[in-house]
Amino acid sequence: MALVRERRQQQPLRLPLPPSSKQLLPCHPMPTTFRPDSPLIERLSDLDKLAVLGHGNGGTVYKVCHRNSSAVFALKVLRFDCDTIAIRHQAIREAEILKRVNSPHVVRCHGVFDGQSGDLCFATEYMDAGSLHDLLRIRRILPERVIAGVARRVLEGLKYLHGMRIVHRDLKPSNLLVNGRGEVKIADFGVSRVVAGDTCGGGGCCDSYVGTCAYMSPERFDPDTCGGRYDGFAGDVWSLGVVLLECHVGRYPLISAGQRADWATLMCAICFGGPPEVPETASEEFESFIRRCLEKDWRRRATVQELLSHPFVARGHSSAQDLLDNA
């Protein structure tokens, strides 16, 4: 807190407001698309709803069953009309990204359909163990060897995505889904972007104020500090570091326990606060790994490839099933 007060005295605290979501963009229909290796789902009416898995971001996720094969999928239904044009534009961008990706570390999309009343529906792989957020609500704290396994799988997913020039921009426990084998996969590309160069800025390729504030990197929270240009891929690394530290301490780690996580508090902690506290019980390898992820200067932050070779990840020998066994 002393560092935060000192920074406040040195310069005025600017709190840039997120841009308005009411953008006037053209409303286009979204054609039905399929994965060539996923021939099961030919039409939306082939799916029967079994249960509601969750709500959020303008939509609902259902557990569904394919009537002819009895295969189970998740169906994400986004509801909007032409008065919420920006949201539909975002959904179409997500569909375009999902058509590009095919990795065992990313939740698989089997088809995109236009639904009733202009809804957009994504039929995806069903991850029957829920999310990392769900598991943390049960277990709260995970052993380091299990955290190392989670880190390895997410890093492999980021390696694939970044190789495709895709920046996720919203890594958090609820967007890391888990199947019955304990495999962790990256999900939800609603605010992701495909980038052309090595840095974001200027043309707005990495609109800073999208995603979840609590897991946002300093350069995305306050892009003026780096001249408005930064490496979007480095922001994903920061988010992963916050997630893994949360797995170790059992709560959101960048503010004090019980402190209200409002927007201004988060910005002070992320942009002006000191290095995050790592528990004294943590190993040197874990502490070093987190420090490399949560380096405030994105130019000095570790890359995904460097982190895959870090001793904390390289030493890990836990199986995917260990994640469920510890829940």
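How are α4 and α6 oriented to each other, roughly parallel or roughly antiparallel? In this predicted model, helix α4 (residues 144-163) packs against helix α6 (residues 232-249) at an angle of about 165 degrees, and angles over 145 degrees count as roughly antiparallel. The two helices are therefore roughly antiparallel to each other. Their axes lie 11 Å apart, and α4 passes α6 in a right-handed crossing. On the α4 side, the contact is made by E144, I147, V150, A151, V154, L155, L158 and H162. Their partners in α6 are F233, D236, L240, L244, C247 and H248. Sorted by class, the residues of this contact comprise ten nonpolar, two polar and two charged.

Helix α6 also packs with another helix, α8 (residues 284-293). Here the angle is about 145 degrees and the axes are 8 Å apart. The crossing of α6 and α8 is left-handed, while that of α4 and α6 is right-handed. From α6, the residues V237, W238, G241, L244, L245 and H248 take part, and they meet F286, F289, I290 and C293 of α8. This contact has eight nonpolar and two polar residues, with no charged ones.

Y215 sits in the loop between β10 (193-194) and α5 (218-221), whereas Y252 belongs to the loop between α6 and α7 (263-272). The pair thus links distant parts of the chain, 37 residues apart. Both partners are shielded: Y215 is buried, with a relative accessible area of 10%, and Y252 is buried as well, at 15%.

A further edge-to-face pair is formed by F286 and F312, whose rings are 5.3 Å apart from centre to centre, with 70 degrees between the planes. F286 lies in helix α8 and F312 in helix α10 (residues 311-314), so this pair ties together parts that are 26 residues apart in sequence. Both phenylalanines are buried. Together with F289, they form one aromatic cluster.

How values were computed. Residues are numbered from 1 along each chain as its sequence is written. This is a predicted model: local features need pLDDT of at least 70, side-chain atom pairs count only at pLDDT 80 or more; totals for chains, interfaces and linings use all residues. Side-chain values use heavy atoms; hydrogens and water are left out. Axes are lines fitted to C-alpha atoms, for helices over the stretch in contact, and angles run from 0 to 180 degrees between N-to-C directions. Helices (H or I, at least four residues) and strands (E, at least two) are DSSP runs, numbered from the N terminus. Angles under 35 degrees count as roughly parallel, over 145 as roughly antiparallel, 65 to 115 as roughly perpendicular and the rest as oblique. A crossing is left-handed if the near helix is turned anticlockwise from the far one by less than a right angle, and right-handed if clockwise. Contact means heavy atoms within 4.5 Å. Ala, Val, Leu, Ile, Met, Phe, Trp, Tyr, Cys and Pro count as nonpolar, Asp, Glu, Lys and Arg as charged, and the others, Gly among them, as polar. Buried means under 20% relative accessible area, exposed over 50%, partly exposed in between (1.4 Å probe, protein chains only). Rings of Phe, Tyr and Trp (its six-membered ring) pair if their centres lie within 6.5 Å; planes under 30 degrees apart count as stacked, over 60 as edge-to-face and the rest as tilted.
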